[in-house]
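Please examine the sequence and the structure shown below.

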Amino acid sequence: MLRPLMFQPHRFLSNALVAITLCSVGLGSTGCKPKAIRGGEGTENPDFDEGAMSTGLDRKDLQDLMSKNMADLVGSPLWGQWRAAAAPPVVAIWPIKNDTTEHLDDQMLTLLSDMETELINSGVVSVVSRERQAEMMAEVGMQQGADFNPTMAAELGRQIGAQYFLTGKLQAVDERINKERRVQYTLFLQVIEVETSIVKFQTKSERTKGIVR
């Protein structure tokens with residue numbers, strides 16, 4: 001009768017110590033060098049992006065947060081109105097405000113691009129080019145990361161022909177105790193009607209990351 005395999009911590013630690021010792025004294029050095037690997041869909045490591053490397057937001061986190069919010073938008077009564085409209089409503093994406101302490105400029109640009117792509121590919125709305133919008137914002141002296149200002153948004157909306165702005169903010173709550181840490185992130189999403197400044201849709205998605213010992 002075969003005996004079930006059992007995890008033996010002492011053997012695992014012993015092997016790990018041997019490997020560390022070999023690396024430290026230069027034996028078997030070819031096996032101790034860092035190795036570059038390729039991950040993601042279509043590679044030998046399709047789940048490589050699943051693991052967290054820190055408590056900071058990475059591309060997968062932002063993609064998951066955005067996908068949840070966009071799914072809520074597509075399932076909302078507002079989306080149904082847009083789908084039934086005689087002509088596709090014109091939507092512009094106002095920069096998502098980063099209210100966290102993290103420097104996420106590159107990640108936020110990727111988030112905006114992903115949102116823009118989903119809206120365009122839906123075929124339900126017409127989307128104002130973010131490059132054109134950025135040019136118009138610069139002309140009126142508006143900061144890309146500025147809070148949504150209804151008065152300035154109305155003026156910008158008239159210039160770029162937008163009927164709605166898709167905007168939002170990213171927030172975080174950071175908790176630490178002893179050597180453990182937990183960060184709770186929330187991505188809010190809103191659709192604001194340019195003409196009236198009325199919030200026509202709002203939702204949020206959440207992601208928690210932590211370091212535990």
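A salt bridge is counted here where a side-chain nitrogen of Lys or Arg lies within 4 Å of a carboxyl oxygen of Asp or Glu. The model under discussion is a predicted one. By this criterion, Arg158 forms a salt bridge with Glu155, and the closest N and O atoms are 3.1 Å apart. Both residues belong to helix 6 (residues 150-160); because they are three residues apart there, about one helical turn separates them. The two partners may also be described by their accessibility. Arg158 counts as exposed because its relative accessibility is 60%, the cut-off for that class being over 50%. Glu155, with a relative accessible area of 35%, is partly exposed.

How many salt bridges does the structure hold? The total is eight. Side chains of opposite charge can pair when their charged atoms come close. One of these bridges joins the side chains of Lys60 and Asp64, with an N to O distance of 3.1 Å. Lys60 and Asp64 are both part of helix 2, where they stand four residues apart, about one turn of the helix. Lys60 is partly exposed at 26% relative accessibility, and Asp64 is likewise partly exposed, with a relative accessible area of 26%. This pair belongs to a network of salt bridges that links Lys60, Asp61, Asp64 and Arg207. A further bridge brings together the side chains of Lys97 and Asp99, at 3.6 Å from N to O. Lys97 is partly exposed at 23% relative accessibility, and Asp99 is partly exposed at 36%.

The aromatic residues come next. The structure holds three aromatic pairs. In one of them, the ring centres of Trp94 and Phe165 are 5.3 Å apart and the ring planes meet at 90 degrees, so the arrangement is edge-to-face. Which parts of the chain does this pair tie together? Trp94 lies in the loop between strand 1 (90-93) and strand 2 (97-98), whereas Phe165 lies in strand 4 (residues 164-177); the pair therefore ties together parts that are 71 residues apart in sequence. Are Trp94 and Phe165 buried or exposed? Trp94 counts as buried because its relative accessibility is 1%, under the 20% cut-off. Phe165 is also buried, at 0% relative accessibility. Elsewhere, Trp79, Trp82 and Tyr164 form one aromatic cluster. A charged residue also meets a ring: Lys169 lies over the face of Phe188, at 5.8 Å from the ring centre.

The largest nonpolar core has 26 residues. Within this core, the residues with the most contacts are Trp82, Ile96, Leu111, Met115, Leu119, Leu166 and Val191. Two or more residues are contributed by each of helix 2 (59-74), helix 3 (77-84), strand 1, helix 4 (105-122), strand 4 and strand 5 (180-193). Which residues does Val191 touch, not counting those up to four places away in sequence? Among them are Leu73, Leu78 and Leu166, together with Ile198, Val199, Lys200 and Phe201. Val191 also touches Trp82 and Tyr164, two members of the aromatic cluster described above, as well as Phe165, whose ring pairs with that of Trp94. A second, separate core consists of eleven residues, including Val128, Leu156, Ile160 and Ala162.

Methods:
Residues numbered from 1 in each chain as written. Predicted model: local features only at pLDDT ≥ 70, side-chain atom pairs only at ≥ 80, totals over all residues. Heavy atoms only, no water. Phe/Tyr/Trp six-rings, centres within 6.5 Å; stacked < 30°, edge-to-face > 60°. Buried < 20%, exposed > 50% of the residue type's maximum accessible area, 1.4 Å probe, protein only. Lys NZ or Arg CZ within 6 Å of the ring centre and 35° of its normal. Core = buried A, V, L, I, M, F, W, Y, C linked by side-chain atoms within 4.5 Å. Contact = heavy atoms within 4.5 Å.
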